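Please look through the sequence and the model below. The report that follows takes up some side-chain pairs and then a helix.

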Amino acid sequence: MTQHDRLLIIDFGSQVTQLIARRLRELNVYCEIHPYNRVDDAFLAAFAPKAVILSGGPDSVTRPGSPRAPDSLWTAGVPVLGICYGQQTMMQQLGGRVESGHGTAEFGRAFVTGGAPLDLLEGWFENGPEQVWMSHGDHVAALAPGFRVYGTSPGAPYAITADPARRFYAVQFHPEVHHTPKGARLYANFVRLAGFTGDWTMRAYRDEAIERIRQQVGPTARVVCGLSGGVDSAVTAVLIHRAIGERLTCVFVDHGLMRLGEADEVVGMFRDAFNIPLIHADEGDLFLTALEGLEDPEAKRKTIGRLFVEVFERHARAIGGVEFLAQGTLYPDVIESVSFSGGPSVTIKSHHNVGGLPEKMGLKLVEPLRELFKDEVRALGRELGLPEAFVGRHPFPGPGLAIRCPGAVTREKLDILRRADAVYIDQIRRHGLYEAIWQAFAAILPMRTVGVMGDGRTYDHALALRAVTSVDGMTADYYPFTHDFLAETATRIINEVRGVNRVFYDVTSKPPGTIELE
């Protein structure tokens with residue numbers, strides 16, 4: 001199989017390290033993030049990166065015992081880019097000096113003025129100073145031998161430094177965040193000067209992944225895949241089916257909490273369009289009976305997760321001869337399973353549809369997406385021929401509509417919610433807004449309100465509409481619909497969905513709110 005050139009990102013604990021990897025993947029460069037304390041001289045030699053990026057971090061290089069890059073990095077002969085803390089440890093390790101305080105801390109938007117020409121900065125400073133995003137308390141006070149200054153800001157006299165002869169580059173700001181408008185150009189320049197050819201594409205990944213699956217599973221073993229109806233599990237299933245054909249069986253646990261017509265859509269696509277063996281476990285009555293009377297959000301989630309595992313396990317065992325369990329694990333899940341300090345992360349993600357299954361069932365895992373970000377999974381889905389309407393649709397939570405029904409979940413409320421959500425999404429599509437929105441949905445509120453329809457008094461349900469913009473779901477802001485759009489949508493919902501007489505629009509950002517209501 002193809003051996004891609006690899007870029008190593010050494011993580012010193014920045015909250016935005018993942019954004020570095022995303023920017024590089026957008027440039028078709030394969031990269032991996034590894035915590036600093038797992039990157040020693042032996043690791044570096046084995047990984048053999050074509051270039052290295054040192055991330056930012058919360059520590060201070062002036063503190064004894066603070067994180068460092070391995071000493072062998074400086075003699076490896078590869079380009080190195082240090083960002084924020086990465087710049088500071090580069091200076092400190094190579095003979096410069098870093099200091100704390102002294103009035104040079106910068107947080108937020110700043111402007112850098114350019115100096116001498118530098119290959120890393122091609123396309124920068126063409127029209128004067130460039131906006132960047134700073135977040136530092138410490139500052140470089142003296143450059144290491146061989147370095148020169150190529151950019152300054154009011155609070156950072158060494159905002160951009162470099163030793164071009166050794167191809168060492170360092171910036172005090174964060175080019176990975178969108179508040180640094182030309183950050184993507186800086187990364188593009190860095191990977192170009194490092195000699196990357198941009199060979200990391202989803203078409204190449206598709207073919208390589210199919211071959212890896214065949215090698216892992218072998219010529220006779222069977223695989224079971226839990227199909228949730230989401231993009232990750234769908235792409236996983238289609239990819240594995242391409243590799244081993246009929247030896248894959250998908251189990252679609254229909255918990256009765258899907259959107260309008262969604263279960264039929266999933267079953268039809270996988271059985272008819274892709275001809276993948278599929279068990280449709282229609283267990284809506286089981287889940288709704290178990291949820292009856294539950295109002296606590298965590299209790300609802302745990303109940304759904306427990307039942308999902310039980311139903312999946314029962315159907316999977318009935319298949320017989322299964323040796324592997326397929327999961328749609330993504331690269332952010334892998335990264336977040338270990339914190340930069342090396343211990344278990346408090347942000348480990350557990351997916352309700354697969355939690356506990358490998359241990360209980362004794363199955364080996366197949367995780368063909370574990371190197372990919374979400375946008376790459378969507379691109380891979382397109383390469384595999386999944387319909388655009390499916391690949392590009394908004395995220396949907398594993399517990400389904402249960403967490404869009406604050407309070408008790410009932411069949412009546414679910415029916416109202418499905419129809420209202422369908423009207424809302426139809427409105428968004430009619431106005432050409434669907435792709436501009438990260439996620440949009442209706443939620444039914446735990447309240448009834450008085451209304452007037454015709455000449456009669458009503459006492460019906462109230463709905464909240466939610467639509468957010470986001471890059472990765474970690475933070476989000478509400479979508480600024482026009483008042484005309486909101487008025488038109490509310491009128492349609494009230495006229496077309498019996499049982500609703502009032503509609504609200506949620507304008508809370510994340511933080512302080514979350515995207516979902518529960």
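Asp5 and Lys50 form a salt bridge, their closest N and O atoms being 3.8 Å apart, where the term stands for a side-chain nitrogen of Lys or Arg within 4 Å of a carboxyl oxygen of Asp or Glu. The pair links distant parts of the chain, since Asp5 belongs to the segment before strand E1 (6-11) and Lys50 to the loop between helix H2 (41-47) and strand E3 (51-54), 45 residues apart. The model is predicted, so local features need pLDDT of at least 70 and side-chain atom pairs count only at pLDDT 80 or more, while totals for chains, interfaces and linings use all residues. Residues are numbered from 1 along each chain as its sequence is written, and side-chain values use heavy atoms, with hydrogens and water left out.

The whole structure holds 34 salt bridges, among them these:

| Pair | Closest N to O |
|---|---|
| Asp5 and Lys50 | 3.8 Å |
| Arg393 and Glu262 | 3.3 Å |

Arg393 lies in the loop between helix H13 (388-391) and H14, and Glu262 in helix H7 (residues 262-273), so this pair ties together parts that are 131 residues apart in sequence. Both Arg393 and Glu262 are buried, a word used for under 20% relative accessible area, with exposed meaning over 50% and partly exposed the range in between (1.4 Å probe, protein chains only).

Glu26 and Arg23, by contrast, both lie in helix H1, three residues apart, about one turn of the helix. Glu26 is partly exposed at 46% relative accessible area, whereas Arg23 is buried at 16%. In helix H1 (residues 17-26), eight of the 10 residues are buried.

Definitions and conventions
Helices (H or I, at least four residues) and strands (E, at least two) are DSSP runs, numbered from the N terminus.
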